[in-house]
Amino acid sequence: MNKCLAVLAMLAGAPALLHAQADEQLRQAISRYENLEIERARALFEQVISPTTPFPVSEAQRVVAYKYLGAILATLSRRDTAITFFVAAIGRDPLVDLDRSFGEQERQVFQEARGRAFRIGMRPIVRDTLDPRSERTNFTIASTHNGLVRVEFLPAERLGFWELR
């Protein structure tokens with residue numbers, strides 16, 4: 001009986017453990033990238049996005065891997081392939097960006113990738129932050145191209161949604 005409970009406890013924690021393995025692999029890959037161990041970092045990032053990876057990988061984790069792979073390839077002067085990886089990252093998360101820790105060459109290739117992909121992204125709105133008495137609400141919206149965004153609030157009934165309580 002005790003063995004059965006131990007096995008069940010291990011199985012219940014397995015998804016979290018597997019998800020943590022992807023995080024750890026990304027941490028190692030980023031560390032190697034920052035230490036200029038480019039080829040070792042590249043291999044780790046490629047494992048994360050591989051369809052044969054032994055652990056579940058979230059979309060956010062894939063975005064990180066694609067972003068760094070694009071940066072690595074931009075550094076290696078493989079511009080077209082770098083753009084492909086950057087576009088894959090932007091396609092999964094239009095709000096992805098390269099901070100100042102990336103070099104100018106990587107940021108230039110990233111901007112070119114933004115110009116090739118048309119995506120609009122908006123961070124989810126926390127339900128408790130909307131105040132109907134206020135005239136202003138801040139949204140985080142990003143677009144890969146210049147544009148004008150119009151936000152219109154409609155009652156949920158007009159959209160065909162019903163809230164279950």
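Alanine 22 is buried, with a relative accessible area of 0%. Buried means under 20% relative accessible area, exposed means over 50%, and partly exposed lies in between, for a 1.4 Å probe and protein chains only. Alanine 22 is found in helix α1. Helices (H or I, at least four residues) and strands (E, at least two) are DSSP runs, numbered from the N terminus. This is a predicted model, in which local features need pLDDT of at least 70 and side-chain atom pairs count only at pLDDT 80 or more, while totals for chains, interfaces and linings use all residues. Residues are numbered from 1 along each chain as its sequence is written, and side-chain values use heavy atoms, with hydrogens and water left out.

What does alanine 22 touch, not counting residues up to four places away in sequence? The partners are Phe55, Pro56, Val57 and Gln61. Contact here means heavy atoms within 4.5 Å. Phenylalanine 55 is 33 residues away along the chain, yet its C-alpha atom and that of alanine 22 are separated by 6.8 Å. Alanine 20 also has its place in helix α1. Alanine 20 counts as partly exposed, at 35% relative accessibility. Its C-alpha atom is separated by 9.5 Å from that of valine 57, 37 residues apart along the chain.

Now the whole chain. Its secondary structure comes to six helices and two strands. From the N terminus on, the order is α-α-α-α-α-β-β-α. The chain has 165 residues, and buried residues make up 31% of them. Take the contacts in the chain with a separation of 6 or more: residues 24 or more positions apart account for 53% of these.

Next comes the core. In soluble globular proteins, nonpolar side chains tend to be buried together. A nonpolar core is a set of buried Ala, Val, Leu, Ile, Met, Phe, Trp, Tyr and Cys residues joined through side-chain atoms within 4.5 Å. The largest one here has 35 residues, and Tyr33, Phe45 and Phe86 have the most contacts inside it. Two or more residues come from each of α1 (2-34), α2 (38-49), α3, α4 (79-92) and α5. Which helix gives the largest share of this core? That is α3, with nine residues.

Tyrosine 33 deserves a stop. Leaving out residues up to four places away in sequence, tyrosine 33 touches Ile38, Ala41, Phe45, Tyr68, Ala71, Ile72, Phe102 and Glu106. A pair of aromatic rings is described by the distance of the centres and the angle of the planes. Rings of Phe, Tyr and Trp (its six-membered ring) pair if their centres lie within 6.5 Å; planes under 30 degrees apart count as stacked, over 60 as edge-to-face and the rest as tilted.

A search of the whole structure finds six aromatic pairs. In one of them, the rings of tyrosine 33 and tyrosine 68 have centres 5.2 Å apart and planes at 80 degrees, so this pair is edge-to-face. Tyrosine 33 lies in helix α1 and tyrosine 68 in helix α3, so the pair ties together parts that are 35 residues apart in sequence. Both tyrosine 33 and tyrosine 68 are buried. Phenylalanine 45 and tyrosine 68 form another pair: their ring centres are 5.2 Å apart and their planes at 10 degrees, so the pair is stacked. This pair also links distant parts of the chain, with phenylalanine 45 in helix α2 and tyrosine 68 in helix α3, 23 residues apart. Phenylalanine 45 is buried, as is tyrosine 68. Ring pairs link Tyr33, Phe45, Tyr68 and Phe102 into a cluster.

Helix α3 (residues 59-75) also packs with helix α5 (residues 104-116), at an angle of about 115 degrees and with axes 9 Å apart. Axes are lines fitted to C-alpha atoms, for helices over the stretch in contact, and angles run from 0 to 180 degrees between N-to-C directions. Ala71, Ala74 and Thr75 of α3 meet Gln105, Glu106 and Val109 of α5 in this contact.

Two loops complete the tour. Most residues other than glycine have a negative phi. Leucine 36 is not a glycine, but has a positive phi of about 65 degrees. Leucine 36 is found in the loop between α1 and α2 and counts as exposed, at 69% relative accessibility. Serine 77 has its place in the loop between α3 and α4. Phi of serine 77 is positive, near 60 degrees. At 58% relative accessibility, serine 77 counts as exposed.
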